[in-house]
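Please look over the sequence and the model before turning to the notes.

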Amino acid sequence: MPDSTFVPSRPVTCPPGRAARELGLKRADFELAVHLGRIRTVPDDSGGGGRRVERAEIDRLRAEPGFPGPLRERVHVVGTAEGAALMGIPAGRFTRLARLGLLVPVRFYVNRYRVVVWLYLAEELRDFAAQGVNSRLLKGRTPETLRGQLATGVDLRARNWRGRHLGFLLREADADPWARAGALAALLPRADVHDVVKDPYERAHVNRFRPAPPDHGAPGSPSALLAEELRTAQDADEIGWLRSELRRAAQEARAHTVAPRPAPQRTEPATRPAPRHHRTARPATEQDENTRSAGCTASAGALRGPAAPHVVPTAPPTVPGDGRGPTATRAARGLRVWLRRRTPRPARA
(Lines give C-alpha, C1' and ligand atoms only; values in the text may rest on other atoms or scores of the structure.)
Protein backbone atom coordinates (compact mmCIF):
# COMPACT_ATOMS: atom_id res chain seq x y z
CA MET A 1 0.00 0.00 0.00
CA PRO A 2 1.63 3.32 -1.01
CA ASP A 3 2.29 5.91 1.67
CA SER A 4 -0.34 8.67 1.34
CA THR A 5 0.83 10.84 4.29
CA PHE A 6 0.66 14.50 3.35
CA VAL A 7 3.58 16.59 4.57
CA PRO A 8 2.91 20.35 4.18
CA SER A 9 5.76 22.26 2.64
CA ARG A 10 7.37 24.96 4.73
CA PRO A 11 7.40 28.49 3.35
CA VAL A 12 10.71 29.71 2.01
CA THR A 13 12.27 32.25 4.40
CA CYS A 14 15.31 34.53 4.34
CA PRO A 15 17.59 35.71 7.16
CA PRO A 16 17.33 39.39 8.12
CA GLY A 17 20.59 40.40 6.44
CA ARG A 18 19.62 38.97 3.07
CA ALA A 19 16.09 40.37 3.31
CA ALA A 20 17.47 43.87 4.02
CA ARG A 21 19.70 43.69 0.93
CA GLU A 22 16.85 42.53 -1.31
CA LEU A 23 14.61 45.33 -0.02
CA GLY A 24 17.30 47.97 -0.52
CA LEU A 25 17.41 48.98 3.17
CA LYS A 26 20.21 49.53 5.60
CA ARG A 27 20.29 47.10 8.49
CA ALA A 28 19.18 49.77 11.01
CA ASP A 29 16.31 50.87 8.73
CA PHE A 30 15.28 47.24 8.23
CA GLU A 31 15.14 46.65 11.99
CA LEU A 32 13.09 49.81 12.44
CA ALA A 33 10.67 48.67 9.72
CA VAL A 34 10.26 45.38 11.57
CA HIS A 35 9.67 47.23 14.87
CA LEU A 36 7.01 49.41 13.26
CA GLY A 37 5.28 46.45 11.66
CA ARG A 38 6.11 47.56 8.14
CA ILE A 39 7.82 44.21 7.48
CA ARG A 40 6.32 41.02 8.89
CA THR A 41 8.63 38.37 10.28
CA VAL A 42 8.18 34.78 11.48
CA PRO A 43 10.04 32.77 14.17
CA ASP A 44 13.08 30.82 13.05
CA ASP A 45 12.10 27.14 12.87
CA SER A 46 15.72 26.00 12.98
CA GLY A 47 15.86 26.63 16.72
CA GLY A 48 18.18 29.64 16.60
CA GLY A 49 15.67 31.83 18.38
CA GLY A 50 15.80 34.64 15.81
CA ARG A 51 13.35 35.91 13.21
CA ARG A 52 13.19 35.41 9.45
CA VAL A 53 11.29 36.97 6.57
CA GLU A 54 9.16 34.90 4.24
CA ARG A 55 9.84 35.08 0.55
CA ALA A 56 6.20 36.02 -0.04
CA GLU A 57 6.60 39.10 2.20
CA ILE A 58 9.66 40.24 0.25
CA ASP A 59 7.80 39.79 -3.04
CA ARG A 60 4.84 41.81 -1.71
CA LEU A 61 7.04 44.77 -0.77
CA ARG A 62 8.98 44.66 -4.01
CA ALA A 63 5.71 44.73 -5.96
CA GLU A 64 4.67 48.11 -4.48
CA PRO A 65 4.65 51.04 -6.91
CA GLY A 66 7.84 53.07 -6.79
CA PHE A 67 9.80 50.42 -4.84
CA PRO A 68 11.97 51.02 -2.83
CA GLY A 69 11.18 54.73 -2.43
CA PRO A 70 7.91 54.46 -0.45
CA LEU A 71 9.37 51.84 1.90
CA ARG A 72 12.44 53.96 2.62
CA GLU A 73 10.27 57.01 3.22
CA ARG A 74 8.19 55.17 5.82
CA VAL A 75 11.30 54.37 7.90
CA HIS A 76 13.15 57.66 7.38
CA VAL A 77 14.17 59.22 10.72
CA VAL A 78 15.37 62.74 11.55
CA GLY A 79 16.91 64.48 14.53
CA THR A 80 15.87 67.64 16.32
CA ALA A 81 17.27 70.17 13.83
CA GLU A 82 16.02 68.39 10.73
CA GLY A 83 12.68 67.65 12.33
CA ALA A 84 12.17 71.30 13.31
CA ALA A 85 12.96 72.40 9.75
CA LEU A 86 10.55 69.79 8.42
CA MET A 87 7.75 71.17 10.63
CA GLY A 88 8.68 74.81 10.08
CA ILE A 89 9.28 75.64 13.76
CA PRO A 90 12.36 76.59 15.82
CA ALA A 91 14.46 73.80 17.32
CA GLY A 92 13.67 75.01 20.85
CA ARG A 93 9.92 74.68 20.29
CA PHE A 94 10.47 71.25 18.75
CA THR A 95 12.37 70.13 21.86
CA ARG A 96 9.61 71.45 24.15
CA LEU A 97 6.96 69.57 22.20
CA ALA A 98 9.03 66.39 22.44
CA ARG A 99 9.57 66.79 26.19
CA LEU A 100 5.83 67.22 26.66
CA GLY A 101 5.27 63.88 24.92
CA LEU A 102 3.56 65.35 21.86
CA LEU A 103 6.31 64.06 19.57
CA VAL A 104 7.30 60.45 20.21
CA PRO A 105 10.82 59.27 19.29
CA VAL A 106 11.35 55.91 17.64
CA ARG A 107 15.08 55.51 18.18
CA PHE A 108 18.02 57.03 20.02
CA TYR A 109 21.77 56.78 20.15
CA VAL A 110 24.53 58.07 22.40
CA ASN A 111 27.10 60.25 20.61
CA ARG A 112 30.78 60.52 21.44
CA TYR A 113 30.05 63.23 24.00
CA ARG A 114 27.69 60.83 25.81
CA VAL A 115 24.68 62.90 24.85
CA VAL A 116 21.43 61.12 23.99
CA VAL A 117 20.26 61.95 20.48
CA TRP A 118 16.57 61.22 19.86
CA LEU A 119 15.32 60.35 16.38
CA TYR A 120 11.77 60.75 15.06
CA LEU A 121 9.88 59.44 12.09
CA ALA A 122 9.73 62.11 9.38
CA GLU A 123 6.36 60.75 8.28
CA GLU A 124 4.84 61.31 11.75
CA LEU A 125 6.24 64.85 12.02
CA ARG A 126 4.66 65.83 8.73
CA ASP A 127 1.34 64.37 9.82
CA PHE A 128 1.49 66.28 13.13
CA ALA A 129 2.18 69.60 11.38
CA ALA A 130 -0.57 68.98 8.83
CA GLN A 131 -3.33 68.61 11.45
CA GLY A 132 -5.06 71.91 12.07
CA VAL A 133 -5.71 71.19 15.75
CA ASN A 134 -1.96 71.39 16.37
CA SER A 135 -1.49 74.79 14.71
CA ARG A 136 -1.70 76.65 18.06
CA LEU A 137 1.22 74.54 19.33
CA LEU A 138 3.40 75.41 16.35
CA LYS A 139 2.86 79.17 16.39
CA GLY A 140 2.30 81.73 19.07
CA ARG A 141 2.66 81.41 22.81
CA THR A 142 2.76 77.97 24.45
CA PRO A 143 -0.38 77.36 26.55
CA GLU A 144 -0.04 78.05 30.27
CA THR A 145 -0.68 74.45 31.34
CA LEU A 146 2.11 73.17 29.12
CA ARG A 147 4.50 75.88 30.34
CA GLY A 148 3.81 74.79 33.93
CA GLN A 149 4.74 71.20 33.10
CA LEU A 150 7.94 72.31 31.44
CA ALA A 151 8.81 74.39 34.51
CA THR A 152 8.66 71.25 36.68
CA GLY A 153 11.28 69.59 34.46
CA VAL A 154 9.00 67.08 32.73
CA ASP A 155 10.66 65.02 29.97
CA LEU A 156 8.59 62.21 28.51
CA ARG A 157 10.87 61.31 25.62
CA ALA A 158 12.43 58.25 27.28
CA ARG A 159 9.10 57.05 28.68
CA ASN A 160 7.33 57.40 25.33
CA TRP A 161 10.15 55.53 23.62
CA ARG A 162 9.84 52.71 26.19
CA GLY A 163 6.11 52.48 25.51
CA ARG A 164 6.74 52.24 21.80
CA HIS A 165 9.51 49.70 22.28
CA LEU A 166 7.26 47.60 24.53
CA GLY A 167 4.63 47.49 21.80
CA PHE A 168 7.22 46.07 19.41
CA LEU A 169 8.35 43.46 21.95
CA LEU A 170 4.76 42.35 22.59
CA ARG A 171 4.10 42.01 18.86
CA GLU A 172 7.23 39.92 18.47
CA ALA A 173 6.16 37.67 21.37
CA ASP A 174 3.17 36.49 19.28
CA ALA A 175 0.88 34.28 21.36
CA ASP A 176 3.47 32.88 23.77
CA PRO A 177 2.46 34.04 27.28
CA TRP A 178 5.93 33.44 28.71
CA ALA A 179 7.44 35.61 25.95
CA ARG A 180 4.96 38.37 26.79
CA ALA A 181 6.02 38.18 30.43
CA GLY A 182 9.65 38.42 29.34
CA ALA A 183 8.89 41.51 27.26
CA LEU A 184 7.34 43.24 30.27
CA ALA A 185 10.24 42.20 32.50
CA ALA A 186 12.70 43.77 30.04
CA LEU A 187 11.55 47.25 31.06
CA LEU A 188 11.49 46.63 34.83
CA PRO A 189 14.38 46.69 37.31
CA ARG A 190 15.47 43.19 38.23
CA ALA A 191 14.52 43.77 41.86
CA ASP A 192 10.90 44.38 40.82
CA VAL A 193 10.89 41.27 38.64
CA HIS A 194 12.21 39.28 41.61
CA ASP A 195 9.45 40.71 43.80
CA VAL A 196 6.61 39.99 41.35
CA VAL A 197 7.73 36.54 40.12
CA LYS A 198 8.78 34.91 43.38
CA ASP A 199 9.23 31.34 42.14
CA PRO A 200 12.90 30.98 41.09
CA TYR A 201 12.16 28.53 38.25
CA GLU A 202 9.41 30.73 36.83
CA ARG A 203 11.68 33.77 37.14
CA ALA A 204 14.46 31.97 35.28
CA HIS A 205 11.98 31.04 32.54
CA VAL A 206 10.83 34.66 32.26
CA ASN A 207 14.45 35.86 32.03
CA ARG A 208 15.01 33.34 29.26
CA PHE A 209 12.49 35.26 27.13
CA ARG A 210 13.80 38.64 28.27
CA PRO A 211 14.87 40.42 25.06
CA ALA A 212 18.42 41.66 24.81
CA PRO A 213 18.87 45.44 25.14
CA PRO A 214 19.53 47.49 22.01
CA ASP A 215 23.16 47.56 20.97
CA HIS A 216 24.72 50.81 22.21
CA GLY A 217 28.45 50.28 22.63
CA ALA A 218 30.42 47.55 24.33
CA PRO A 219 28.82 45.91 27.39
CA GLY A 220 29.72 47.86 30.53
CA SER A 221 30.73 50.98 28.64
CA PRO A 222 29.26 54.36 29.65
CA SER A 223 27.13 54.41 26.50
CA ALA A 224 25.75 50.94 27.21
CA LEU A 225 25.00 51.85 30.84
CA LEU A 226 23.22 55.02 29.78
CA ALA A 227 21.17 53.09 27.22
CA GLU A 228 20.24 50.52 29.88
CA GLU A 229 19.09 53.32 32.17
CA LEU A 230 16.89 54.78 29.43
CA ARG A 231 15.35 51.37 28.78
CA THR A 232 14.45 50.79 32.45
CA ALA A 233 11.28 52.33 33.86
CA GLN A 234 11.91 55.23 36.22
CA ASP A 235 8.60 56.79 37.24
CA ALA A 236 6.61 55.23 40.08
CA ASP A 237 3.35 55.06 38.13
CA GLU A 238 5.10 53.49 35.15
CA ILE A 239 6.76 50.87 37.37
CA GLY A 240 3.45 50.13 39.10
CA TRP A 241 1.67 49.59 35.77
CA LEU A 242 4.44 47.29 34.49
CA ARG A 243 4.39 45.29 37.74
CA SER A 244 0.65 44.71 37.50
CA GLU A 245 0.93 43.72 33.82
CA LEU A 246 3.80 41.35 34.60
CA ARG A 247 1.83 39.75 37.43
CA ARG A 248 -1.14 39.20 35.14
CA ALA A 249 1.07 37.86 32.32
CA ALA A 250 2.79 35.45 34.73
CA GLN A 251 -0.59 34.12 35.90
CA GLU A 252 -1.72 33.54 32.31
CA ALA A 253 1.58 31.87 31.44
CA ARG A 254 1.38 29.66 34.54
CA ALA A 255 -2.10 28.52 33.53
CA HIS A 256 -0.91 27.86 29.96
CA THR A 257 2.25 25.85 30.62
CA VAL A 258 4.27 25.05 33.70
CA ALA A 259 7.77 26.50 33.85
CA PRO A 260 10.42 23.77 33.45
CA ARG A 261 11.94 22.46 36.63
CA PRO A 262 14.84 20.08 37.23
CA ALA A 263 13.93 16.43 37.55
CA PRO A 264 14.00 15.19 41.16
CA GLN A 265 17.17 13.29 41.91
CA ARG A 266 16.82 9.80 43.35
CA THR A 267 19.12 9.31 46.31
CA GLU A 268 20.28 5.84 47.26
CA PRO A 269 19.55 4.80 50.86
CA ALA A 270 22.53 5.20 53.12
CA THR A 271 24.25 1.87 53.82
CA ARG A 272 24.70 1.08 57.48
CA PRO A 273 28.06 -0.28 58.60
CA ALA A 274 28.16 -3.98 59.34
CA PRO A 275 27.78 -4.63 63.07
CA ARG A 276 30.91 -5.74 64.86
CA HIS A 277 30.72 -9.27 66.16
CA HIS A 278 31.66 -9.25 69.85
CA ARG A 279 33.11 -12.39 71.28
CA THR A 280 30.59 -13.92 73.64
CA ALA A 281 31.97 -14.59 77.07
CA ARG A 282 31.83 -18.30 77.78
CA PRO A 283 31.07 -19.52 81.27
CA ALA A 284 34.04 -20.15 83.47
CA THR A 285 35.02 -23.79 83.93
CA GLU A 286 36.87 -25.56 86.63
CA GLN A 287 39.97 -25.67 84.46
CA ASP A 288 39.89 -21.87 84.05
CA GLU A 289 39.54 -21.43 87.81
CA ASN A 290 42.58 -23.62 88.39
CA THR A 291 44.53 -21.66 85.75
CA ARG A 292 43.64 -18.30 87.38
CA SER A 293 44.59 -19.68 90.80
CA ALA A 294 47.93 -20.83 89.50
CA GLY A 295 48.53 -17.43 87.94
CA CYS A 296 47.74 -15.64 91.22
CA THR A 297 50.13 -17.95 93.09
CA ALA A 298 52.89 -17.30 90.62
CA SER A 299 52.39 -13.55 91.07
CA ALA A 300 52.53 -13.85 94.84
CA GLY A 301 55.74 -15.87 94.58
CA ALA A 302 57.28 -13.26 92.38
CA LEU A 303 56.59 -10.65 95.05
CA ARG A 304 58.27 -12.76 97.78
CA GLY A 305 61.36 -13.51 95.76
CA PRO A 306 62.80 -16.24 93.57
CA ALA A 307 61.18 -19.60 94.14
CA ALA A 308 61.77 -23.12 93.02
CA PRO A 309 60.23 -24.29 89.81
CA HIS A 310 56.53 -24.90 90.13
CA VAL A 311 55.60 -28.56 90.51
CA VAL A 312 52.12 -29.58 89.55
CA PRO A 313 50.72 -31.88 92.24
CA THR A 314 49.57 -35.24 91.13
CA ALA A 315 47.50 -37.73 93.00
CA PRO A 316 49.43 -40.70 94.46
CA PRO A 317 49.28 -43.66 92.16
CA THR A 318 47.21 -46.61 93.21
CA VAL A 319 49.57 -49.46 93.98
CA PRO A 320 48.35 -52.89 94.92
CA GLY A 321 49.05 -53.73 98.54
CA ASP A 322 49.70 -51.14 101.27
CA GLY A 323 50.87 -48.48 98.84
CA ARG A 324 54.42 -48.23 100.15
CA GLY A 325 57.40 -48.28 97.89
CA PRO A 326 59.80 -45.92 96.13
CA THR A 327 57.12 -44.42 93.87
CA ALA A 328 54.68 -43.74 96.71
CA THR A 329 57.38 -42.22 98.93
CA ARG A 330 58.48 -39.74 96.24
CA ALA A 331 54.89 -38.71 95.52
CA ALA A 332 54.11 -38.12 99.20
CA ARG A 333 57.26 -36.07 99.70
CA GLY A 334 56.47 -33.90 96.68
CA LEU A 335 52.99 -33.26 97.97
CA ARG A 336 54.26 -32.14 101.39
CA VAL A 337 56.77 -29.80 99.77
CA TRP A 338 54.06 -28.23 97.63
CA LEU A 339 51.69 -27.78 100.62
CA ARG A 340 54.47 -26.27 102.72
CA ARG A 341 55.16 -23.66 100.03
CA ARG A 342 51.52 -22.66 99.83
CA THR A 343 51.23 -22.18 103.56
CA PRO A 344 52.56 -18.75 104.61
CA ARG A 345 55.20 -18.75 107.31
CA PRO A 346 54.40 -16.90 110.52
CA ALA A 347 56.23 -13.66 110.87
CA ARG A 348 59.11 -13.68 113.39
CA ALA A 349 58.85 -11.38 116.42
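The notes below begin with the whole chain and then take up its cores, helices, open spaces and individual residues.

The structure is a predicted model. Its protein chain holds 17 helices and six strands. Of the 349 residues in the chain, 29% are buried. Among the contacts with a separation of 6 or more, 66% join residues 24 or more positions apart.

**Nonpolar cores**

- In soluble globular proteins, nonpolar side chains tend to be buried together.
- The largest nonpolar core has 44 residues, and the members that touch the most others are Leu23, Leu25, Phe30, Leu32, Ile39, Leu242 and Leu246.
- At least two residues of this core come from each of α1 (16-22), α2, α3 (55-62), β6 (116-121), α10, α11, α12 and α15.
- Helix α15 makes the greatest contribution to this core, namely six residues.
- Leu23 shows how such a member is surrounded: leaving out residues up to four places away in sequence, Leu23 touches Phe30, Ile39, Ile58, Leu61, Arg62, Phe67, Pro68 and Leu71.

- Why is α11 described as largely enclosed by the rest of the structure? Eight of its nine residues are buried, so the rest of the structure largely encloses this helix.
- The buried residues of α11 are Pro177, Trp178, Ala179, Ala181, Gly182, Ala183, Leu184 and Ala185.
- These buried residues pack against four helices, which are α10, α12 (190-196), α13 (200-208) and α15 (236-256).
- The N-terminal end of α11 is capped by Asp176, which has a side-chain oxygen 3.1 Å from the backbone nitrogen of Trp178.

**The largest pocket**

- The largest pocket contains about 1,300 Å³ of space.
- Its lining consists of 43 residues, of which His35, Arg51, Phe168, Leu169 and Glu172 are the closest to the centre of the pocket.
- The elements that each supply at least two lining residues are α2 (27-35), β3 (51-54), β5 (107-110), α10 (157-173) and α11 (177-185).
- Helix α10 provides the largest share of this lining, with eight residues.
- By class, the lining of the largest pocket has 22 nonpolar, seven polar and 14 charged residues.

**The largest cavity**

- How many cavities of 30 Å³ or more does a search of the whole structure find? The search finds one.
- About 50 Å³ of space lies in the largest cavity.
- The residues that line the largest cavity are Arg93, Arg96, Leu97, Leu100, Arg136, Leu137, Thr142, Pro143 and Leu146.
- Helices α6 (91-99) and α8 (135-138) each supply at least two residues of this lining, and α6 gives the most, with three.
- The lining of the largest cavity comprises five nonpolar residues, one polar residue and three charged residues.

**Individual residues**

- Apart from its neighbours within four places in sequence, Glu238 is in contact with Arg159, Arg162 and Ala233.
- Val258 belongs to the loop between α15 and α16 (286-304). With a relative accessibility of 67%, Val258 counts as exposed, since that term applies over 50%.
- Although Val258 and Glu202 are 56 residues apart along the chain, their C-alpha atoms are separated by 8.3 Å.

**Backbone features**

- The peptide bond from Phe67 to Pro68 is cis, and its omega is near 0°.
- Pro68 is located in the loop between α3 and α4 (69-74), and Pro68 is also one of the residues that Leu23 touches.
- Arg114 is not a glycine, yet it has a positive phi of about 60°.
- The loop between β5 and β6 contains Arg114, which counts as exposed at 56% relative accessibility.

Methods: Residues numbered from 1 in each chain as written. Predicted model: local features only at pLDDT ≥ 70, side-chain atom pairs only at ≥ 80, totals over all residues. Heavy atoms only, no water. 1 Å grid on protein atoms, 1.4 Å probe; cavity = no way out; pocket = protein on both sides within 12 Å on 5 of 7 lines; lining within 4 Å. Points joined across faces, edges and corners; volume = space filled by probe spheres on them. Nonpolar A, V, L, I, M, F, W, Y, C, P; charged D, E, K, R; others polar. Buried < 20%, exposed > 50% of the residue type's maximum accessible area, 1.4 Å probe, protein only. Contact = heavy atoms within 4.5 Å. Polar contact = N/O pair within 3.5 Å; in protein donor to acceptor, adjacent residues only side chain to side chain. Core = buried A, V, L, I, M, F, W, Y, C linked by side-chain atoms within 4.5 Å.
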